[in-house]
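Please open the model in your viewer and keep the selection panel at hand. The stops below each begin with something to select.

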Amino acid sequence: MKNDPVRTAIFPVAGLGTRFLPATKATPKELLPVIDTPLIQYAIDEARAAGIERMVFVSHPSKGSIERHVRHDADLSRMLRSKGKNGVARTLEAACLNEGEHEVVFVMQDEPLGLGHAVNCAAPHALPGAVAVILPDDLILGGRGCLAEMVDAYEHGKAGHLVAAMEVAPDAVSSYGILAPRSIEGPMIFASGMVEKPAIDAAPSRQAVVGRYVLDGSIFADLDALTPGAGGEYQLTDAIAAGIGRVGLAGYAFSGKRFDCGSKTGMLAAILHVARSNPDYADVLEEFCSLQAATAPAAA
């Protein structure tokens with residue numbers, strides 16, 4: 001049996017990005033660039049590649065610049081073209097969301113009450129059926145696009161909740177939600193449950209859940225039924241766990257490479273990865289590597 005198409009993507013972008021202060025004091029973390037492309041742009045392009053119709057951005061009143069980035073700015077385009085910068089204008093116009101092709105909705109999460117609360121803020125705007133959730137600071141590069149792979153697998157699959165999964169090192173297990181696998185079929189890891197941030201000796205596997213989800217529409221009822229956990233936050237993983245018995249759960253082993261751009265080391269790794277794949281930056285990288293080799297201490 002084929003599942004209905006996934007038509008809605010939710011982007012939780014209300015977080016304040018405290019790990020990147022002072023850079024994020026005035027600039028939302030989702031607009032921090034990997035060289036010249038903001039994280040939110042990668043997420044938008046991934047959703048477009050997956051055939052998403054409606055994009056719901058759950059933001060914060062202090063982060064209006066995200067909406068400015070997402071929507072077409074006719075005045076800016078006219079100004080650029082008047083100065084002969086037609087190529088730049090075309091690039092900006094291609095990056096923004098054309099509301100003739102995609103519906104764009106912004107809703108506000110005024111309080112930091114957790115990822116589950118953020119997703120539930122989008123509930124009134126979700127189209128019927130399953131919804132996708134994209135965390136922009138989980139950057140996944142390569143392949144067809146992680147969400148496109150997941151949407152295709154979901155529509156032809158057997159699980160109502162599908163989460164992106166990757167194997168992590170033993171010392172990283174305690175930083176993630178970890179799947180409890182019961183069977184594997186190609187890239188699909190069917191699971192009986194999920195354990196949030198377990199110690200390595202208590203973890204059911206090393207298959208970690210990362211920031212892409214395709215969730216059965218019943219997720220909103222399960223979010224409504226949640227009670228807040230530590231810090232008064234509502235956890236998306238708790239709502240997913242509540243529905244496993246009804247709709248099933250599977251991880252999806254995506255083909256791309258994931259970077260945790262919510263951390264400084266992850267952001268640096270992403271920048272170097274993108275730079276290495278572009279010949280425009282080859283001289284800079286070569287000069288840096290040569291300098292490092294020249295200043296390295298000699299072996300004893």
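Select lysine 197 to begin, and you will be in the loop between β10 (188-196) and β11 (207-215), where strands (E, at least two residues) and helices (H or I, at least four residues) are DSSP runs numbered from the N terminus. The phi of lysine 197 is near 50°, a positive value in a residue other than glycine. Most residues other than glycine have a negative phi, and most peptide bonds are trans.

Before going on, note that this is a predicted model, in which local features need pLDDT of at least 70 and side-chain atom pairs count only at pLDDT 80 or more, while totals for chains, interfaces and linings use all residues. Residues are numbered from 1 along each chain as its sequence is written, and side-chain values use heavy atoms, with hydrogens and water left out.

Next, select isoleucine 35, in the loop between β2 and β3 (37-38), where phi is near 65°, a positive value in a residue other than glycine. Isoleucine 35 counts as partly exposed at 31% relative accessibility; buried means under 20% relative accessible area, exposed over 50%, and partly exposed in between, with a 1.4 Å probe and protein chains only. Then move to proline 22, in the loop between β1 (8-12) and β2 (33-34), and display the peptide bond that reaches proline 22 from leucine 21, which is cis with omega near 5°.

Now turn to the helices by selecting α3 (residues 74-82) and α4 (residues 86-95), which pack at an angle of about 160° with their axes 7 Å apart. Axes here are lines fitted to C-alpha atoms, for helices over the stretch in contact, and angles run from 0 to 180 degrees between N-to-C directions. That angle makes α3 roughly antiparallel to α4, a label given to angles over 145 degrees. Show side chains to see the contact (heavy atoms within 4.5 Å), to which α3 gives Leu76, Ser77, Leu80 and Arg81, while α4 gives Asn86, Val88, Ala89, Arg90, Leu92 and Glu93.

Around phenylalanine 11, and not counting residues up to four places away in sequence, look for Ile40, Ala43, Ile44, Ala47, Met55, Val56, Phe57, Val58 and Ile134, which it touches.

Finish at aspartate 171, in the loop between β8 (161-167) and β9 (177-185), which counts as exposed at 68% relative accessibility. A distance drawn from the C-alpha atom of aspartate 171 to that of alanine 225, 54 residues apart along the chain, spans 34 Å.

Notes. Parallel < 35°, antiparallel > 145°, perpendicular 65-115°, else oblique.
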